[in-house]
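Here are some notes to read alongside the structure. Please go through them in order.

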Amino acid sequence: MKKGTLILISLIMTLIFTGCGKKDSGGNIDSVQVPDWKPSEIYSDDDIEAAYQTVKDYFSDEFYGCTLTKLYYPGDNYADEFKEYAERYHADEAIIILSSFDVNSSGGDGSFNPNSTYNNWSWILIRNNGGDWEHVDHGY
């Protein structure tokens with residue numbers, strides 16, 4: 001009896017530590033397309049690429065059941081909005097990145113329409129003193 005109990009406890013512990021029943025691992029970013037962008041007079045290419053990476057990191061951690069299909073910089077014509085967001089979030093700089101993503105049949109985490117595509121989804125990122133971008137908001 002003791003041996004059976006030990007085996008059962010070991011099996012349960014193995015399932016707990018290997019993530020059986022764990023929530024989906026997050027959003028899929030494996031096939032995201034990043035089209036060429038018009039050079040910015042505000043941000044360097046490295047700044048924009050770092051912003052893309054911040055969005056991908058957040059998406060892969062939080063957007064369960066969704067597949068990121070496109071990321072793009074909307075251009076310097078959003079400069080007034082960049083300034084507004086920087087002020088709102090008490091940061092030196094802000095940037096907006098736009099995206100498209102697909103949602104699976106479960107509706108992602110349940111907050112999206114199942115089997116749908118979201119286009120022009122905004123990501124608001126801020127930073128101070130040229131540091132790392134930080135995600136502060138997203139949506140339409």
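1. The chain has three helices and four strands, counted as DSSP runs numbered from the N terminus (helices H or I, at least four residues; strands E, at least two). Starting at the N terminus, the order of elements is α-α-β-α-β-β-β.

2. This is a predicted model, in which local features need pLDDT of at least 70 and side-chain atom pairs count only at pLDDT 80 or more, while totals for chains, interfaces and linings use all residues. Residues are numbered from 1 along each chain as its sequence is written, and side-chain values use heavy atoms, with hydrogens and water left out.

3. The mean pLDDT (the predictor's confidence in each residue, from 0 to 100) is 87 for the chain, and 82% of its residues reach 70 or more. Over residues 4–23, pLDDT stays under 50, and the model has two contacts (heavy atoms within 4.5 Å) beyond four places in sequence for them. Where pLDDT is low, predicted coordinates should not be read in detail.

4. Of the 140 residues, 38% count as buried, that is, under 20% relative accessible area with a 1.4 Å probe, protein chains only.

5. Leaving out residues up to four places away in sequence, Phe63 touches Gly26, Gly27, Tyr58, Phe101, Phe112, Trp121, Trp123 and His138.

Note on methods
Buried means under 20% relative accessible area, exposed over 50%, partly exposed in between (1.4 Å probe, protein chains only).
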